[in-house]
Amino acid sequence: MKLKPLETGQRLMAQTNKTSNKLTNLELSIQISLSGLSFCILQRDTNTISSLKEVNFQKKLNPLEVLDHLKHLFNTENITQNTYSAITIIHDNDLSTLVPKPLFNEDCMADYLKFNSKILVSDFIAYDEVVVNDSMNVYVPYININNFIYDQFGAFTFKHVSTVLIEEILHIEKNTSKPKVYVNISKNHFETVIVDNAKLILYNTFEYNTPEDFIYYILFATEQLNLNPETFNLVFIGDVSKEDALYTIAYKYIRNVSFGNRNDAYKYVEAPKYNHSNFTLIKSF
């Protein structure tokens, strides 16, 4: 089935859910990357996250291998036994770019991506509208994952991870005048969102193998924006703690280092590791 690109909040629709057409209070969110998978289930009527699970791969996989892991996860966690009122898929990759909305042309999406991403002629390209930034986020979703989810459930929403990050961070920093550098840490890669005076200054994603790789990218990006490591605030979110080497090396070179906070009001059957972990997964609801 050929899927049309959708703006944020729109869905791929089927006539009924494959398991049942009755309404439920359960919502499902799944985040997909080549380095791992994570999912959580929200019971909306009680505001409770009833399931939260992460699977990290030993090495970076290709989309076909990731789909095999997702199928295994569905089988072992009995995800398809539930009926969901809403399903969100978050595509986490480096194949995205932001385009100012006044300049956006749906016929030119491949051209936008070619400036900073390696894409194939056969790649399916989608976009999210980032309302808070008056921009369009153009990206390549994992289409085999989308097709699998459609076959399993019918209706669902999909977004790029940077859409969730940018929207949530700009909301958090809407009254802040000082520059802040957010880093969302995952295994072997991280996203950077830099804001100043409540405006987005930069979004990018980087792969890293060592703490030295990590700090190089942070210092290089901030230097290009004339940000002083003595004065800007570096905020960690995602899979990182104060004991990690990434935090240690950041604190060595940057004066103000802290951790973010999801600031959610959910109750948890099993709580996330930290108040700043699983940021995009949980904020996607």
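## Positive phi in two loops

Asn197 sits in the loop between β10 (189-196) and β11 (199-207) of this predicted model. Its phi is near 50°, a positive value in a residue other than glycine. Most residues other than glycine have a negative phi.

Asn78 also has a positive phi, about 55°, although it is not a glycine. The loop that holds Asn78 runs between α1 (63-77) and β4 (86-91). Asn78 is partly exposed, because its relative accessibility is 37% and that class lies between 20% and 50%.

## Helix α5 against helix α6

Helix α5 spans residues 211-224, and helix α6 spans residues 245-253. Their axes come within 9 Å and cross at roughly 45°. That angle makes α5 oblique to α6. The crossing of the two helices is right-handed.

Which residues of α5 and α6 meet? On the α5 side they are Pro211, Glu212, Phe214, Ile215 and Leu219. On the α6 side they are Ala245, Leu246, Ile249, Ala250 and Tyr253. By class, the contact of α5 with α6 has nine nonpolar residues and one charged residue, with no polar ones. Glu212 of α5 belongs to a type that counts as charged.

## Cysteines

How many disulfides does a search of the whole structure find? The search finds zero.

Is Cys40 buried or exposed? Cys40 is buried, because its relative accessibility is 0% and the cut-off for buried is under 20%. Cys108 has a relative accessible area of 24%, so Cys108 counts as partly exposed.

Terms used
Residues numbered from 1 in each chain as written. Predicted model: local features only at pLDDT ≥ 70, side-chain atom pairs only at ≥ 80, totals over all residues. Heavy atoms only, no water. Disulfide = S-S within 2.5 Å. Buried < 20%, exposed > 50% of the residue type's maximum accessible area, 1.4 Å probe, protein only. Axes fitted to C-alpha atoms, helices over the stretch in contact; angles between N-to-C directions. Helix = DSSP H or I, 4+ residues; strand = E, 2+ residues; numbered from the N terminus. Parallel < 35°, antiparallel > 145°, perpendicular 65-115°, else oblique. Left-handed = near helix turned anticlockwise from the far one by under 90°. Contact = heavy atoms within 4.5 Å.
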